[in-house]
Amino acid sequence: MAAEAPPQATAARAKALTKAYGRGETRVTALDAVDVDVPAGQFLAVMGPSGSGKSTLMLPQPRGGLGGAPLLAGLDTATSGQVFLGDTEITALNDRRLTRLRRDRIGFVFQAFNLLPTLTALENITLPLDIAGRAPDPAWLERVIDTVGLAGRLKHRPAELSGGQQQRVACARALAGRPEIVFADEPTGNLDSRAGAEVLGLLRGSVDDLGQTVVMVTHDPVAAAHADRVLFLADGRTVGELLDPSADAVLDRMRGFDGTGRTS
């Protein structure tokens with residue numbers, strides 16, 4: 001009898017995660033007892049209609065309204081439930097330990113590139129490590145820079161780079177500290193189709209070639225098709241998933257949702 005394969009490690013998970021705003025008649029439940037598992041080394045895309053809860057669960061930066069509360073990244077507190085990064089329950093950490101965890105174990109890629117205009121590309125890439133007082137691993141940094149294809153642009157400032165190149169700098173910044181997981185918020189939202197395809201290829205490559213774990217929130221079926229798995233949220237709940245998705249399959253699934261989160 002063949003030996004069973006060892007269980008795959010989990011990069012992040014949520015158990016019965018609930019987030020509600022307001023009280024009484026004004027109470028709004030943005031997430032309703034959601035369970036999510038993100039295996040290590042997987043590229044997960046999260047999709048759903050407006051108001052589905054994907055922003056509350058995943059997004060790495062505030063965007064106004066109810067959508068600026070990324071619980072899996074430890075940037076907001078849950079009403080109830082638990083969130084784990086690896087074996088660490090982040091819902092049980094105080095603010096100081098949460099800050100350290102986000103700095104040392106999580107990478108972020110924003111829709112807005114969020115690069116400092118006075119710094120070179122290389123200085124922007126290493127900035128989080130510099131702030132943390134950590135020296136980059138030279139071999140890893142070289143590998144990341146080679147993966148993002150910016151070896152010839154490291155001395156350029158953001159204004160001297162195209163939008164696609166700026167987003168590649170942002171991706172390299174997220175990867176430079178070798179985080180356990182990277183959260184990406186609509187990383188192609190400000191890019192044309194060609195530059196967007198390059199960035200999606202980079203994220204895909206970071207999983208395949210660097211062993212990275214990536215969680216991406218997107219509204220774009222083409223972007224979602226680069227993932228290993230697509231998780232669908234609607235009405236604050238998980239309502240389905242696709243493995244090895246195609247853009248057409250994602251689009252068909254999205255078309256099937258009605259306003260209540262059920263498939264029609």
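Predicted model: local features only at pLDDT ≥ 70, side-chain atom pairs only at ≥ 80, totals over all residues.
Residues are numbered from 1 along each chain as its sequence is written, and side-chain values use heavy atoms, with hydrogens and water left out. Local features need pLDDT of at least 70 and side-chain atom pairs count only at pLDDT 80 or more, while totals for chains, interfaces and linings use all residues.

Select Phe108, Phe110 and Phe183, a cluster linked by ring pairs (rings of Phe, Tyr and Trp, the last by its six-membered ring, with centres within 6.5 Å; planes under 30 degrees apart are stacked, over 60 edge-to-face, the rest tilted). The whole structure holds two aromatic pairs. Phe108 and Phe110 are stacked, at 6.2 Å centre to centre and 20° between the planes. Phe108 and Phe183 are also stacked, because their centres are 6.4 Å apart and their planes at 25°. Phe108 is in strand S6 (residues 106–109) and Phe183 in strand S7 (residues 181–185), so this pair ties together parts 75 residues apart in sequence (strands are DSSP E runs of at least two residues, helices H or I runs of at least four, numbered from the N terminus).

Next, select Val169. Val169 is one of the residues with the most contacts inside the largest nonpolar core, which has 43 residues (a core is a set of buried Ala, Val, Leu, Ile, Met, Phe, Trp, Tyr and Cys residues joined through side-chain atoms within 4.5 Å; buried means under 20% relative accessible area, exposed over 50%, partly exposed in between, with a 1.4 Å probe and protein chains only). Apart from that core lies another of 28 residues, among them Phe108 and Leu231.

Finally, select Arg168, in helix H5 (residues 163–176). Arg168 is buried at 15% relative accessible area.
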